[in-house]
Amino acid sequence: MADEFDDTIRKVTPAGVVTTLAGLHGTAGTNDGSGTLARFNDPYAVAVDSADNIYVADTVNQTIRIVNSSGQVTTLAGQLGISGTNDSIGSAARFNDPQGMALDASGNLYIADTGNSTIRELTLVGTNWTVITLAGVGGSPGASNGNGSSARFRSPFGITVSSAGTVYIAGSGNAAIRTLIPAGTNSMVGTLAGLLGTSGTNDGTGSGARFNYPEGIAVDGTGNLYVSDTDNIRIRKVTQAGVVSTLAGFTYSYGSGDGTGSAAQFEYPVGITVDSLGNIYVADPENYNIRKGIPATLVPPPTLQSPMLSAGQFGCDVAGSPGFAVEIQSSSNFINWQLVGTYSLVGGSNHFANPYPPVVAQFYRGYMR
C-alpha cells in the first residue's frame, strides 16, 4: 500500500502484520535507491504484478516508480518534481498529480492523471517505458463521453481493470463511474453509473444513481465494482448492469465504529481493493487504519408460513446454530433494500414474522451474520 502522508510503501498481511518496503517514515524526497534509501513524496496509489513488482503513482513527485521484490526503487516515467502533459518515453513524459493506477493482464499500466484530467497508459516497448494519453485532454476538464480526446474527465482518481480488459474509473469530480475500452488514442469512454456533474446519495441504476466524489474503485472476478464513495462516507457496489447499492456506511455519519451495513462508520474512505473471496479492504486515512469488510452469507430461500400470518404479512423459518443471526431485508424493486429486523438464532428451526404488512408488494431476502 502507498502510505501517502508517511512517504513510504508498506505491506499488510491478512493477519494485519505491517512492514515497510521502501522509503523513510515522514521523510519526503526524490531519490531512487533501495529500501530506506529511497524517497517518495505523497505516493497515492500502487499496482502489483505477478512477479511482486510494485508500481507506484508518486503523486507530488509527478512520476511513476517501481519497487522490485528486493525493495529497489526506480523511476520509470516522468521527471521528478516537474509537472506537465507530454506524451513521450521515460523521463521526457510528464504527469500532473497522478493519483490512480491499475495493471492489466498484459502488463500495461493505466494511470488516472488527476491534475491533467486524463487517462494515460504506460507500456514497455522494447526497453523503453512509453506514455500515451488514452482519453481526455491535458488541462481541459469536463464531463463528456466519447473517443480519445473528445472525452472529458474532471479530476479522475481511482482506476481498475477487469479480467476482460475494461478500464473503470472513479470519476471523482464528475460524481460518476466511467468506463474506458482501450484502443490507443481512440479509446472509448462511457458512463456506467451516476449522472455526470450531479452529486447525491441515491442507490439506483445507471444515471439514476448518485455519488459524491468517489475516489477508490476495485473490480472482482465476476465484474462487480466496489467504490469508496468518499464524500458520502459510504462503500458502494456497482454491478455490470450499472445497479448501485450501498454496502456499508451512512451519509455524513462520520466515525470509526465497526458494524454491519449502515451501522459501520468511516471518516474518509479512499483506497479500496477486493480479494478472491469477496472481502474488501478500505484505506480510511483520517482514522489512520485499514478496514476489512466481510461479505454476508446469503441464507437459502426461506419457507413462507402463510397459515400462521395475517394477510400481507411476511414470515419464514430459518435453520441455524446458536450464536448466529439472520438479517431480513425487504424491497419493492430489488434495488432499494430496507432492514426488517435482525434476529438471533437459537438453534433448530427459528420462526420470524414481520409484524407490519407491506403497503405494496414486497420481496424479501435473508443474510446470515
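1. Because the model is predicted, local features need pLDDT of at least 70 and side-chain atom pairs count only at pLDDT 80 or more, while totals for chains, interfaces and linings use all residues. Residues are numbered from 1 along each chain as its sequence is written, and side-chain values use heavy atoms, with hydrogens and water left out.

2. L180 lies in strand β17, which covers residues 176–181; strands here are DSSP runs of E with at least two residues, numbered from the N terminus. L180 counts as buried because its relative accessibility is 0%, where buried means under 20% relative accessible area (1.4 Å probe, protein chains only).

3. Leaving aside residues up to four places away in sequence, L180 touches residues that include I119, L134, T166 and V189, a contact being heavy atoms within 4.5 Å. For L134, which is 46 residues from L180 along the chain, the C-alpha atoms of the two are separated by 8.8 Å.

4. N53 sits in the loop between β5 (43–48) and β6 (54–58), and N53 is also buried, at a relative accessible area of 17%. Beyond residues up to four places away in sequence, N53 touches A47, V48, I66, V67, N68 and S69.

5. Five strands form an open sheet with antiparallel pairing, in the order β19-β23-β22-β21-β20. Its edge strands, β19 (204–205) and β20 (214–219), each pair on one side only, and two strands pair if DSSP finds at least two bridges between them. Within this sheet, β22 (residues 234–238) and β23 (residues 243–249) pair in the antiparallel sense over five bridges, and R236 stands opposite T246 in β23.

Conventions
Helix = DSSP H or I, 4+ residues; strand = E, 2+ residues; numbered from the N terminus. Buried < 20%, exposed > 50% of the residue type's maximum accessible area, 1.4 Å probe, protein only.
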